[in-house]
Every structure is written in C-alpha cells, then in structure tokens.
Amino acid sequence: MIRHEALGPTDFVRRKVLMRLYKRGEIQLAGNLRLKIYGKLTTCRSGKRMNVSNRVFFQSEEEAIEDGFRPCAHCMNKQYKVWKKRQPTR
C-alpha cells in the first residue's frame, strides 16, 4: 500500500510519480484509507472525489484485500456482490 501523500511534497510531483507508477504497472487500484474501500484507479467516479489524505494505492486486488479493504460498489460491482454475500447477516 502506498499513501498518496507519500508520493511527493507537491501536487505536481505527486501526479508525475503517480503516472509513472501507473504506466509501469506498479499500481492498479486506489483505495480510501478511512472507509477501507478499493476501486479502479482511472474510472471510479467515487475515487476521483476522494480526499488526497485518505487515498492509497495498491498493486493488486489481493494486496487490497490483505490490507482489509473491500471492493467499491460503483466501479467493481461484480466483486462487491461476491464480497457482500460472504459477509455475515446482521
């Protein structure tokens, strides 16, 4: 897991580093640290509105799950439904 704020001191530097990591395939998913939700880095409308201080990045879905995150219901609806079925009923 990589915190967005750890990518550099300014927004410009963070964007450059982020694009480099994405192009290399070192990150593929983004997550919300506070809500413990992960989703698609480039297409999720919820993820694009996320506060930078809450944003983290993952190389794989397995990494996100290991860190205790769940799939986004908007951009990863199929994976979310599978996750939801596995949750105990309240």
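Visitor: Which two strands form a hairpin, and how many residues lie between them?
Guide: Strands β2 and β3 form the hairpin, with 4 residues between them, and lysine 36 in the turn has a positive phi of about 60 degrees. Helices (H or I, at least four residues) and strands (E, at least two) are DSSP runs, numbered from the N terminus. This is a predicted model, in which local features need pLDDT of at least 70 and side-chain atom pairs count only at pLDDT 80 or more, while totals for chains, interfaces and linings use all residues. Residues are numbered from 1 along each chain as its sequence is written, and side-chain values use heavy atoms, with hydrogens and water left out.

Visitor: What is the mean pLDDT of the protein, and where is confidence lowest and highest?
Guide: The term pLDDT stands for the predictor's confidence in each residue, from 0 to 100. Its mean for the protein is 91, and 99% of the residues reach 70 or more. Confidence is lowest in helix α2 (residues 45-48), with a mean of 78, and highest in strand β5 (residues 70-71), with 96.

Visitor: In which sense do β2 and β3 pair, parallel or antiparallel?
Guide: Strands of a sheet pair through backbone hydrogen bonds, either parallel or antiparallel. Two strands count as paired if DSSP finds at least two bridges between them. Here β2 and β3 pair in the antiparallel sense over 4 bridges, and leucine 29 stands opposite lysine 40 in β3.

Visitor: What is the order of the strands in the sheet?
Guide: The order is β1-β4-β2-β3-β5, in an open sheet of 5 strands with mixed pairing. Strands β1 (2-3) and β5 stand at the edges with a single partner strand each, so one side of each is left without a neighbour in the sheet.

Visitor: How many bridges join the other pairs of strands?
Guide: Strand β2 (residues 29-32) is joined to β4 (residues 55-58) by 4 bridges, and the two run antiparallel; asparagine 32 stands opposite arginine 55 in β4. Strands β1 and β4 are also antiparallel, over 2 bridges, with isoleucine 2 opposite phenylalanine 57 in β4. Strands β3 and β5, by contrast, pair in the parallel sense over 2 bridges, and isoleucine 37 stands opposite arginine 70 in β5.

Visitor: Which residues of β4 point one way, and which the other way?
Guide: In a regular strand the side chains alternate between the two faces of the sheet. In β4, Arg55 and Phe57 point one way, Val56 and Phe58 point the other way, and all are buried. Buried means under 20% relative accessible area, exposed over 50%, and partly exposed in between (1.4 Å probe, protein chains only).

Visitor: Is histidine 4 buried or exposed, and which residues does it touch?
Guide: Histidine 4 lies in the loop between β1 and α1, and its relative accessibility of 5% is why it counts as buried. Leaving aside residues up to four places away in sequence, histidine 4 touches Arg14, Val52, Arg55, Val56 and Phe57; contact means heavy atoms within 4.5 Å.

Visitor: Where does asparagine 54 lie?
Guide: Asparagine 54 is in the loop between α2 and β4. Its relative accessible area is 17%, so asparagine 54 is buried. Not counting residues up to four places away in sequence, asparagine 54 touches Gly31, Asn32, Leu33 and Arg34.

Visitor: What is the volume of the largest pocket, and which residues lie nearest its centre?
Guide: Rolling a probe the size of a water molecule over the atoms shows where empty space is left. On a 1 Å grid over the protein atoms alone, a cavity is a set of points where a 1.4 Å probe fits but cannot get out, and a pocket is an open set with protein on both sides within 12 Å along at least five of seven lines; lining residues have an atom within 4 Å of a point. Grid points are joined across faces, edges and corners, and a volume is the space filled by probe spheres set on the points. The largest pocket has a volume of about 310 Å³. Its lining has 15 residues, of which His4, Leu18, Leu41, Arg55 and Phe57 lie nearest its centre. The elements giving two or more residues to this lining are α1 (11-24), α2 and β4, and α1 provides the largest share, 5 residues.

Visitor: Which residues lie nearest the centre of the second largest pocket?
Guide: They are Asn32, Ile37, Ser46, Gly47 and Met50, among the 16 residues that line the second largest pocket. About 210 Å³ of space lies in this pocket. The largest share of its lining, 4 residues, comes from β3.
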